[in-house]
Amino acid sequence: MPGVLAGIIYDDPLVRYRGDKLVEIVKKLSRSKRADAINTDLGIDVFYLFYLPFPILVPTKKGEQDPWTMLRYMIAREILSSEEARKIRYYTIAHSGRSIIVGASFLEHLLNELSPQQGGGGEGGGESENRDQGEGDEGSDRDRRGSSIRDAIRNALRKVGSELENVSKLEHLSMGTQAGTGSLLEMIENSSDIIRLARNTDVQKLLDSLSFIEDMTLRFRKKTIKSPKGEVIGYMRGSHIQRASRSELALFEEKEASLVLLYKWATGKLILYEKVVRQDYGPLYVLLDKSGSMDGEKIRWAKATAIALFMRAKREGRPFLIRFFDSAPYSLIKVSRSSKPGETLRLMDYLARIKSGGGTDITRSIIAACQDVSELKVKGLGELILITDGEDRIAENMVRRHLKENNLRLITIMVMGENPDLRRISAKYFKVARLSNKEMLEVLEL
């Protein structure tokens, strides 16, 4: 079947791959029986309508179009003429991963819009009625079907536009913004999960805080320690002559100047290269209280803080672990140093699904966290960040021993409460009086 877009070689392997992948995602997402009718050619059409800066339609010939081709042309014309589609295309042009995600979401919405209709989608519905009616009635029925399909296309575009911001945030969260992080193929493989999460109301509430969090993560820097064997980051004063700058060593060339060098060396005023090495990081572990007293704004603020801490761990290249707990620890979610997109999306799904409720047992949960870290067998000082409002009594000696054995520093974030036991055993203890962005920023800088 000839294509509807000019300049696209529909038999090219890369073109077929893109169309196949888009259709595959639609079939994963859709519950409509019409999903089986979607073929690769339509997938190619939709992909390149979002991908190309200026798609051009192949001129049509009267009397040579079957209903399926007419539907493809109708979809293409509506996308090219729609103001909503124009806004969407700012995000997708020349980006194959985004074009596949947006194209699949659009087709899935379109299938849902067409499902209640009879005869939509160019499948030849209503033929028996048309045989019993005159030419005028047949034309009128065709016009009504065409109008309903165009309305369905516009509705599908509006729905894609409404979820586009969430899709963009999930992409940045899972792929990262730093060079060398994320993979386009991994993004494409996780497209169906990105679309599902973008439509999830609970995930949307979490994503609302991301714009502020992304600004804060720019302030983070890699922790370093000074070392004569590290990388040069600047200059400093001192007497370590092995790190003397070239301008200082040039003083050796003249006898009189060498005396100046000896004086500066004796008084610690040599200009030296400042060298540092990156400090080894242990895991960043978040232990988050989901007991009944954490209901409402408390649990939402705590989840947003957990996302911010995950982004910090990602930038610092360290493993991230999180457990919810009430009277018992819940399942553990781990994100590796490489932070693959699938792991990030699984973390977002986990955060969205957990609801508050239950009692509180902090000691048991801290010990479970220490056991999790011991199984990782990673070097460097780790941080166990406990977010709770619980006044539960702590078995101090037992907790101290487990923290020391697993090289963990306990940081307690007390949400509108007070716990003297935790204050005594924590390396840092922070009280949250107001659930605001300012408090979240202070937590990230601990």
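Residues are numbered from 1 along each chain as its sequence is written, and side-chain values use heavy atoms, with hydrogens and water left out. Because the model is predicted, local features need pLDDT of at least 70 and side-chain atom pairs count only at pLDDT 80 or more, whereas totals for chains, interfaces and linings use all residues. The chain has a mean pLDDT (the predictor's confidence in each residue, from 0 to 100) of 83, and 86% of its residues reach 70 or more. Confidence is highest in helix H2 (residues 40-51), at a mean of 95, and lowest in helix H6 (residues 127-131), at 41. Helices (H or I, at least four residues) and strands (E, at least two) are DSSP runs, numbered from the N terminus. Over residues 117-134 pLDDT stays under 50, and the model has 24 contacts (heavy atoms within 4.5 Å) beyond four places in sequence for this stretch.

Six strands form an open sheet in the order S5-S4-S3-S6-S7-S8, with mixed pairing; two strands pair if DSSP finds at least two bridges between them. Strand S5 (329-335) and strand S8 (428-432) stand at the edges with a single partner strand each, so one side of each is left without a neighbour in the sheet. From one strand to the next, the twist averages 15 degrees; axes are lines fitted to C-alpha atoms, for helices over the stretch in contact, and angles run from 0 to 180 degrees between N-to-C directions.

Strand S3 (residues 281-289) pairs in the parallel sense with strand S4 (residues 320-325) over six bridges, and S3 also pairs with S6 in the parallel sense over six bridges. Tyr 285 has Leu 384 as its bridge partner in S6 and stands opposite Leu 321 in S4. The β-α-β crossover from S3 through H14 to S4 is right-handed, that is, clockwise from the first strand over the helix to the second with the strands pointing away from the viewer. Helix H16 (residues 362-376) lies across S3, S4, S5, strand S6 (381-388) and strand S7 (408-415), at about 150 degrees to S3.

Lys 314 is found in helix H14 (residues 297-316) and is buried, with a relative accessible area of 18%. The side chain of Lys 314 reaches the backbone oxygen of Ser 174 at 3.2 Å.

Technical notes
Buried < 20%, exposed > 50% of the residue type's maximum accessible area, 1.4 Å probe, protein only. Polar contact = N/O pair within 3.5 Å; in protein donor to acceptor, adjacent residues only side chain to side chain.
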